[in-house]
Every structure is written in C-alpha cells, then in structure tokens.
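Please work through the exercises below with the sequence and the model side by side, and try each task before reading its solution.

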Amino acid sequence: MVAEVLAALKPAPNGLYFDGTIGGGGHAAAILAASAPTGRLLGSDRDGAAVEAASARLAEFAGRWEIQRRPFSEAAAWIAAESLDGALLDLGVSSPQLDQAERGFSFQADGPLDMRMDQRQGLTAAELVASLPAEELARLFWELGGERESRRLAKAIEAERTRRPLTTTGQLAALVARVLPRHGQRTHPATRIFQALRMAVNDELGQLDQGLAGVWSCIKPGGRMAVITFHSGEDRVVKNFGRRLAQPYECPGEVDVPALRVPRAPELRLVTRKPMAPGEAEMTANVRARSAQLRVFERLPRE
Ligand SMILES: C[S@@+](CC[C@H](N)C(=O)[O-])C[C@H]1O[C@@H](n2cnc3c(N)ncnc32)[C@H](O)[C@@H]1O
C-alpha cells in the first residue's frame, strides 16, 4: 500500500519520518524519495535480517536515515517527543520471513517450528507447543486464531507430544490437517493455528498496544501516524486507540460511562473514518495484501 501511505503521510523535504517495521525497506525508500533532498527517516525492525536488507536497500539515500534493531514499542525511548512529521507501522510478517523455511513461519515449507521475529529472543513456537497446558493452547488458538475447534486440537497436541516432540512446521501442519480436516475450503486448516502461535511467540498484541501509544507520543501537532493491519483483532486495537483519542472526553476505566466522562480537547483526528483497503491491482498481485487495512490518525494542535 505504498501509494496510500505516501498520500497519508505526505512526505516533504525537511520532514522527519519513522518506519517502525522497516522490513525490506520498500515503504522507507518511497518516503525518502518523496521527501528528497532533505527529509530524514528513522527506522526499526526487531529482525536482524530485515535491518540488513533495509540498510542495503536504502544505500542510495545515505546520510538521511538511521535504522535500529529494536521493537517499535521502544520508539519513545530513542525518538524525541513530538518530533515526527509522520510514522508508519506495517504490522505482521514480511515475505522474506514467510519464504524462508528455516524461519519456521510457514506451514507450506518444512522447517524448524521457530517463528521468532527477533532471533535473539529465547522462546520459540516449538517451546510454546511443548510447554503450554492444553487449556492454554486452546485459549491461544481461539483468541488469536479464531479457531472454533481449538480444544480438540489442543488435546490432540497434548497427546501427540507425549509420543514425540513437535519440532517442525511440517509435523504441526500435518497434525492440524489430520485433526481438523476442512474439505472444500480454500485456506489450509493450519492457517489460523500458525497465525495464533506467531502472534503469541512475538507478543504481537502487546507490542501493538505499547507501540501505538509510544509512537503516537513522538508525533508532532499536524503530524500523522499510519497503521497497516492484517487481521480483525489487530484492526480493532488500532480502531479503538484512534476512537479514544478522538473523543472530546476521557473516561476512567475500560467502560465508557457517560456520567463519568471528564471533558478534554481531542488529541487526534481520524483521517480515515473507515479502514482503507489496497487497490484492485495490488490485491491481484499480492495475496497477503488482500487482508490489509490502513488507518491514519493526525495529531491535532493544542488549543
Ligand atoms: C509487513 S513487514 C514490513 C514491510 C515493510 N513495510 C516494507 O516495505 O518492506 C513487517 C515487518 O515488521 C517487523 N516487526 C513486526 N513486529 C515488530 C515489532 N514489534 N517491532 C519491530 N519490528 C516488528 C517484522 O520483523 C517485519 O520485518
């Protein structure tokens, strides 16, 4: 969604931008090109291979960018408050992560059951599958994958792992296909299970929660934050974040009780009331793009 991101962030010379999920550097290169000759970009990714790939890709813009290997949830620790003209979070996994069997993200190629975006981190998907009690596994498959047969699958995993450890993507995909055969469906039965495990291994919802608040605190008045999500659970978190800060009041606690509302000036304007989807051409060219949704927020000046 490069064109949509550029339209949202309107990169300009002298601007300072942040790409928290720099990946292969595609969006970052477009932002640097559009803000030439003096726009600058700060980037982060927790995957060392992505940092290397993006650094190579951005060589032509040398002197105008800095990339750090760290999670975007740490943005506020190294970027000054209210200093950014624009920020992008393009969530989820990258194509290189999915395509390399040894990273263990894909059920389509056999590899170690790993799924760590940051390979310096300890916990792998294999360790999670080996150690979580069946009820925990079921909760994870249901809450992060929306899998209705989560309990049946978790019990089957529990039984299987007493016989032999589940250490490869191929073993897990075959087990899921055996326990949850889905005849006539377009998606592989393991799709949701792999998504759920990946989100748990990388604490993706926790990162999103902390990251939205942290990155937002670095946006200057008039600056914008664009977020691309790939499934409804993530989009809900982003939507609620925007709604809360767009309201002309604060509410203590989780529930919005009108009697308890405390008036205050809204911090944010919803640039996109509804999430934007990629154009037809991108959807045809890129299967992953089909579920992408973009939301854009603008920081309002203080009254
Ligand atoms: C969809 S790709 C981004 C692609 C990128 N926009 C481009 O143009 O090439 C997502 C990237 O975000 C990274 N990532 C995911 N969660 C992260 C987090 N919490 N902190 C930093 N990077 C993260 C992944 O490692 C992956 O490289």
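This is a predicted model: local features need pLDDT of at least 70, side-chain atom pairs count only at pLDDT 80 or more; totals for chains, interfaces and linings use all residues.

Residues are numbered from 1 along each chain as its sequence is written, and side-chain values use heavy atoms, with hydrogens and water left out.

**Exercise 1.** Find the strands that pair with strand β9.

Solution. Begin with the terms: strands are DSSP runs of E with at least two residues, helices are runs of H or I with at least four, and both are numbered from the N terminus; two strands pair if DSSP finds at least two bridges between them. Next, strand β5 (residues 219-229) pairs with β9 in the antiparallel sense over six bridges, and here I228 has L294 as its bridge partner. Then turn to strand β8 (residues 268-270), which runs antiparallel to β9 and is joined to it by three bridges, with L270 opposite F297.

**Exercise 2.** Describe the salt bridge between R295 and D235.

Solution. A salt bridge requires a side-chain nitrogen of Lys or Arg within 4 Å of a carboxyl oxygen of Asp or Glu, and the side chains of R295 and D235 meet at 2.7 Å, N to O. This pair links strand β9, which holds R295, to helix α12 (residues 232-246), which holds D235, 60 residues apart. Finally, R295 and D235 are both buried, where buried means under 20% relative accessible area, exposed over 50% and partly exposed in between (1.4 Å probe, protein chains only).
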